[in-house]
Amino acid sequence: MPRGHVLVVDDEPSILTTLQKALSLEGYTVDVAGGVRIAEEKLAKKSYDLALFDVALPDGDGVSLLEKVRVSGSDLPIVMMSGHASIDAAVRATRLGALDFLEKPLSTDRLLLVLDNTLRLVRAEAEARTLRAQVGQLGELIGESRSMVALREQIARAAKASATVLVTGERGTGKELVARAIHIAGKRAKGPLEKMNCAAVPSELIESEMFGHEAGAFTGATKQRRGKFERASGGTLFLDEVGDMPMPMQAKLLRVLQEREIERVGGHETIKVDVRVVAATNRDLEAACQKGEFRADLYDRLNVVPLALPPLRARREDVPLLARHFLGLAMAANDRPGMVLAEGAVEVLTGYGFPGNVRELRNLIERLVILTPDAKIDAEDVRVCLGGASAGTPTGLFRPGTPFRVLAEEAERRILEEALAHHGGAMASTARGLGLERSHLYKKCKALGLRGDKAEAEDEG
């Protein structure tokens, strides 16, 4: 698996040959250019992780080439090389964003160290930007309920492995947070974490987004582009809403998971990929398989390590912790320091069903911070922001025209899901809590397609 795609620009053929061989032996994919014109052509057609520019070139100079790259809006990491560059040239290159300046004759050890450190820095900065952009959107995996403690233990175990993970849960429960936690706690933490929302990408572009494309592969493909799998090399690829992936792409994803190799759209080169996949969905994929809407063999490949996220209504004891966490974030974001949640407000929040789960709670708290005129948020403020929704009234149980049998099955499923989540997936504890015979609970869960995480390991007593 290539460590990175590097472009080397130098006017000496011997240096180009030496660097191409040395970097290739270290696992890099290397392109070379003997001057500014050829370099510009390659940069226009291909994507690179890093570039090495010599200062003195036959048809220009490397610093001017660096400036052109920056003017074009590219943030390509660039390292300069020279055997006789002036201090002014070095200062100018640094101001234009060169990450390092290597003196010739080049030391191979020094060069490899600079490349490695540069790529680590770039990936760390990209990760930091992503984290900053997501701070406060869903909070961390906050909660001391039994189900959340069990979930964090499962994440810790899953992170140590390399198998594919399937995260399931309703919208707004924090599936992306789980994927990020697995990545950060795992062996691939130093590698990139790439995300792709399978439901948000148009069906005609999803293959290019996932596998990349070559220049000219289709109308508008003016430049080679590496897809999510290549960009996630050595790291993790998070496939969100994988249940909405078109059937033709499901077959291609299955092949990649089996063969660990891809081909760019319009290309013929087979590219090995070293990526851990974490997929997520709010759909019942087992039911989708039975209906022919999702490939059963792909489901089996994805569901090696299943992680089920409980809905917020199944862990109401975590609502006060989450609400106060989001209150702090909302106060800072909206310049409203000193606000507090009254106990009555917390009680109303805890009693509400939150069909939108943690995301809905976060949005509600921010709305309260913005709209509440006083520093104290009370119960009435919460009720007004909820728009008259009754905290204690179950939602969505009756739908005109739906047979009672279907409504009753949906209600049973919801009750059992919440009970299993509350008891951390323990079947025996769930049975005792509901006053059911354990064998009856097993049969009921099997009929509804549910299962506990600790069904076989539990002791009867």
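Predicted model: local features only at pLDDT ≥ 70, side-chain atom pairs only at ≥ 80, totals over all residues.

Visitor: What makes up the secondary structure of the protein chain?
Guide: The chain has 19 helices and 18 strands. Both are DSSP runs, numbered from the N terminus: helices are H or I with at least four residues, strands are E with at least two.

Visitor: How is the chain divided into domains?
Guide: The bounds come from an automatic or database domain assignment. It gives domain 1 (4-133), domain 2 (146-215 + 224-310), domain 3 (313-387) and domain 4 (404-448). The centres of domain 2 and domain 3, taken over C-alpha atoms, are 33 Å apart.

Visitor: Which residues count towards the contact between domain 2 and domain 3?
Guide: Contact means heavy atoms within 4.5 Å. Eight residues from domain 2 and nine residues from domain 3 take part.

Visitor: What is the area buried between domain 2 and domain 3?
Guide: Buried area is the accessible area (1.4 Å probe) that two parts lose on being put together, summed over both. Here that is about 700 Å², and carbon and sulfur atoms give 39% of it. On the domain 2 side, Glu170, Arg171 and Gly172 supply 57% of the area buried against domain 3, more than any other three residues.

Visitor: Why is the pair Glu170 and Arg313 called a salt bridge?
Guide: A salt bridge needs a side-chain nitrogen of Lys or Arg within 4 Å of a carboxyl oxygen of Asp or Glu. The side chains of Glu170 and Arg313 meet at 2.5 Å, N to O.

Visitor: Why is Glu209 called buried?
Guide: Buried means under 20% relative accessible area, exposed over 50%, and partly exposed in between (1.4 Å probe, protein chains only). Glu209 has 19% relative accessibility, so Glu209 counts as buried. Glu209 is in helix α8 (residues 206-211). Leaving aside neighbours within four places in sequence, Glu209 is in contact with Met196, Val201, Arg225, Gly227, Lys228 and Arg231.

Visitor: How much of the protein chain is buried?
Guide: Buried residues make up 46% of the 461 residues.

Visitor: What makes Glu241 stand out, and is Glu241 buried or exposed?
Guide: Glu241 has a positive phi of about 50°, although it is not a glycine. Glu241 lies in the loop between β12 (236-240) and α10 (247-259). Its relative accessibility is 15%, so Glu241 counts as buried.

Visitor: Why is Phe354 called buried?
Guide: The relative accessible area of Phe354 is 1%, and therefore Phe354 is buried. Phe354 also has a positive phi, about 45°, although it is not a glycine. Phe354 sits in the loop between α14 (343-351) and α15 (357-371).

Visitor: Which kind of peptide bond joins Lys104 and Pro105?
Guide: A cis peptide bond joins them, with omega about 0°. Pro105 is in the loop between β7 (100-103) and α5 (108-134).

Definitions and conventions: Residues numbered from 1 in each chain as written. Heavy atoms only, no water.
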